[in-house]
Every structure is written in structure tokens, then in C-alpha cells.
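Here is a short report on one protein chain, written for reading beside the model. Keep the sequence and the structure open as you go.

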Amino acid sequence: MTTAPKVVVIGAGVLGLSTALELVNRGVTDVHVIERSHPGEGSSGRSVGMVETQYFRADDVEARVYGRRFYDRMAADHGLGFVACGYLRLGSTTDDIASFEGSVATQRQFGVDDAKVLTVEEISHRWPQLVTADRIGGLYGESDGYIDGYEYCTLAARMIKAAGATISTNCDLLGVVTGADGTWKVVTSTETFVADVVVNAAGAWGAIAGERLGAPVALHPQLHGAVTVDLRTPMEPLLPFVMDYVPDSGTDGVYFRAERANQLIAGLHTDEGVHEAVSPDVRLRRVSEDDVERVLTLMAERLNVADDLAVSGSWQGIYPMSPDHRPIVGRHPEQPKVICALGAGGSGIQLAPAIGLVAAEAVLDSVPTFDWSSAWAPDRVTAGIPSRPIVLKDHHDHAQLRQHVAQPRTRRTLRASARD
């Protein structure tokens, strides 16, 4: 673009705020973030917040290395809390160990020099609480750690507003109307914004927002939860973040990390489609008894202090998963005014800086930083989705717009999506 665009960002979670922050850092200040509740109030604020680089594909590693360095800068320059607890991915086969060694080599290509493969003896020596008889080694990132997603959203929102952009809360997207000059009027429940470009970063509501923008996307929101587990006897040494799951294994696995000496946070994780799709409006409750039982069962297999564990609480959040479990980022093929920043379910915190970068570059039509960013392009997951654009010609007819986006039709669409 020859001039700075007017941008509306839908969603003030980690993806929307990271995109808006990237835009204002590039000098684009006509940015309006609209949020149906408050920054970080959704699943971004419910994440366990892990930031790590222990992956295998070069693009997966590079995106996460970018995120690690981004949060390091935010910690150093703006006081964001970052706890470097370390990250250990356990392996049980020689193929796992070969993949771990390949990951270490790939990470070194991107400047990460503290990742290493540990033998099972080294793991047992460093963390004697872990049961390792059925494992043969692990992939360990010494300086990996976690942030508080809500703290990051609050900080990013403050920085965005300080740069001259705006954030509107309790503001729900209704749809868009074509302006006489070719711009869009983005109609919300509280006010109307003029936009050259709209960024769909609505998280679990991304499919609904896409429908209202005439830019459909395939998202399958999945319900996940985390559990706080208290220890009767304080643990020494503190455990790192332990991931007893290997990507592409075909099942989920347990993760846990020390919150403090007498408390762990644990949950189930997968990058694959194990869970059924749910409505993004599903009421978030405590973790189900079945999932709590599975977490405790898997933890009992991995910790030699199983009799010392007691569940003290739990919470739920939503993974907004794409069909192929990779982010959906870039210009929508059917609606070029829409940039997607979606589908990072389960990895949203650590991928948010890279997704924000790729989305901002799409907004500005600039040369991509990552030569693989086209692998995230929306066209791979939009083919065959029927488009019912809510793009009206009469920009005064907001009553027609509200009727066009009536809630019952949206709910029917969600139920159909869940059945598919």
C-alpha cells in the first residue's frame, strides 16, 4: 500500500493484540481493535503460557524461536514476567531420539544453543521425581519458560493505546457494509468503524466472524482444561515443564510443570484432532471428572510421588483448531479485505508473535520475513466452504445488517460444523 491503511482488528487475545502491536510498531496508527469482552478475557488468559522451541520442522522451530526472542525483549524492555523453568519432552523410541537430535540441529540453525538431548540416566539424576523406566531419553530446552497470557494481553493493549491506536471493549462484530469509496464500514454492537482492511483474530469465534465478513474459514473449537495439583510434601528440585507427548503420535499426552514447590499445573495436550468441536459460546466450567482422572492416571505413571497428589482446582479454555492443526494466517482468497490470524489452538501464546508478524505483513502487502509463511495461507482450509457474505451495498441499512446476522442462523451453522 502507498499509504497507511485503516485497519480494524477483531479480537483482543494474543493473536489480535500481537498483530495490532506489530502494525503500530511499523507506524500504522489508524488501528482499531474490537473485543467482545476485555483484552485477554478469553482463552488467551486461561493458557498455561508455555514458550518453547522443542519442535522438529524447521518452520515450526523458526516461528517459536521468533516468539521466544520477542518475549525476551518484552521482559527486558517492558517488564513482562517470564519464568525460565525449562522444557522437557520425553521420548520412548529410538525414532523419538533421532527426531530430538534433528530438533537440536535445527534449533542451532536459528541460534538456539541450549537445547540438548538427555539420556534417561541424566533425566533421572536431575529430576529423581520422574519415572523414566519406560522412556529412553528426552529433548530439553534449558531456557524455555512461560508467561502469563493475561499479563501479556494487558501489557500489549497498553502499548497499542500509547501508540495512538484504540481498543473498544464489550464490542461485538455484526458485519460490514460497503462504503461509497470502496472502504468498509465495520458495524459493531456499539459503533461503526471505517476500514481498508479487517484482521480476523477472533480466536474460537473466528468462524462466526469470518461468516459475518464474507470470508469463511474452517475452525473446530475444542474444549481443553488445566488442573492444579497440590503436593503434601514440597518438591525439590522443582520440575521443568514436562511434556509426555510427541507430535504426530496419534493420541494425547499429559503435561505438567511446577507452579511452586508444593503445587503443579497439569493437563492433556495434543496437536491432533482427538477432541470434538464445540460452540465457542460453550460455558466454561471446571475440567470434567473423566479428564481429571486421565490427568491423574498419566501423572501417576510419570511421577513417583503419586500418593502425594491432590487436585485443588481446574479451569477450561478453548483451542481454536484448524483442520490440519496449523495456523491460518494471511489474506483470505475470497475476500481480499480480510486478513486471517487464526487457528493456533494449543500453541497460541508461543506462536502469537510470529502470527502477528505474518498477519501485519499481509495487511501491508510487504515482503514476508519467513519464506515459508505461505504454508499458513488461508486458501488451504477455505475451499468448499459456502460463503454467505454479509457485505451490503447500502451503508445506511444497519437494521438490514442486524437481521442478516441473526443469532439463530449462526447457531445452526455451528451445529452443522460440529457434526461435520
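## Asp379 and its loop

Asp379 sits in the loop that runs between helix H8 (348–364) and strand S20 (391–392). The model is predicted. Is Asp379 buried, partly exposed or exposed? Its relative accessible area is 47%, and the cut-off for exposed is over 50%. Asp379 is therefore classed as partly exposed.

Asp379 and Glu334 are separated by 45 residues along the chain. In space, their C-alpha atoms are 8.6 Å apart.

The loop between H8 and S20 also holds Asp365. Asp365 is not a glycine, yet its phi is positive, near 50°. The relative accessible area of Asp365 is 51%. That value is over 50%, so Asp365 counts as exposed.

## The chain overall

The protein chain has ten helices and 20 strands. How many of its residues are buried? Of the 420 residues, 55% are buried.

Contacts can also be sorted by distance along the sequence.

## Where H2 meets H5

Helices H2 and H5 pack with their axes 13 Å apart, at an angle of about 70°. Angles of 65 to 115 degrees count as roughly perpendicular, so H2 and H5 fall in that class. The crossing of H2 past H5 is left-handed.

Which residues make the contact? H2 brings Phe70, Tyr71, Met74 and His78. H5 brings Tyr152, Leu155 and Met159.

## Two aromatic pairs on Tyr152

The model has ten aromatic pairs. One of them joins Phe70 and Tyr152. The ring centres are 6.1 Å apart and the planes are at 80°, an edge-to-face arrangement. This pair links distant parts of the chain, with Phe70 in helix H2 (residues 58–78) and Tyr152 in helix H5 (residues 149–162). The two residues are 82 residues apart.

Tyr71 is buried, with a relative accessible area of 0%.

## Where H1 meets H5

H5 also packs with helix H1 (residues 14–25). The angle is about 30° and the axes are 10 Å apart. Angles under 35 degrees count as roughly parallel, so H1 and H5 are roughly parallel. H1 passes H5 in a left-handed crossing.

On the H1 side, the contact is made by Val14, Leu17, Ser18, Ala20 and Leu21. On the H5 side are Tyr152, Cys153, Ala156, Ala157, Met159 and Ile160. Tyr152 and Met159 are also among the H5 residues that meet H2.

## Other ring contacts

Which residues form a ring cluster? Ring pairs connect Tyr66, Phe370, Trp372 and Trp376.

For Arg89 the ring belongs to Tyr55, and the charged end is 5.1 Å from the ring centre. For Arg257 the ring belongs to Tyr146, at 3.5 Å from the centre.

## Backbone details

Where is the cis peptide bond of Pro237? It runs from Glu236 to Pro237, with omega near 0°. Pro237 lies in the loop between strand S13 (220–231) and strand S14 (241–244).

His325 has a positive phi of about 65° and is not a glycine. His325 is found in the loop between strand S17 (309–321) and strand S18 (328–331). Its relative accessible area is 29%, so His325 is partly exposed.

Notes:
Residues are numbered from 1 along each chain as its sequence is written. This is a predicted model: local features need pLDDT of at least 70, side-chain atom pairs count only at pLDDT 80 or more; totals for chains, interfaces and linings use all residues. Side-chain values use heavy atoms; hydrogens and water are left out. Rings of Phe, Tyr and Trp (its six-membered ring) pair if their centres lie within 6.5 Å; planes under 30 degrees apart count as stacked, over 60 as edge-to-face and the rest as tilted. Helices (H or I, at least four residues) and strands (E, at least two) are DSSP runs, numbered from the N terminus. Buried means under 20% relative accessible area, exposed over 50%, partly exposed in between (1.4 Å probe, protein chains only). A charge sits over a ring if NZ of Lys or CZ of Arg is within 6 Å of the ring centre and within 35 degrees of the ring normal. Axes are lines fitted to C-alpha atoms, for helices over the stretch in contact, and angles run from 0 to 180 degrees between N-to-C directions. Angles under 35 degrees count as roughly parallel, over 145 as roughly antiparallel, 65 to 115 as roughly perpendicular and the rest as oblique. A crossing is left-handed if the near helix is turned anticlockwise from the far one by less than a right angle, and right-handed if clockwise. Contact means heavy atoms within 4.5 Å.
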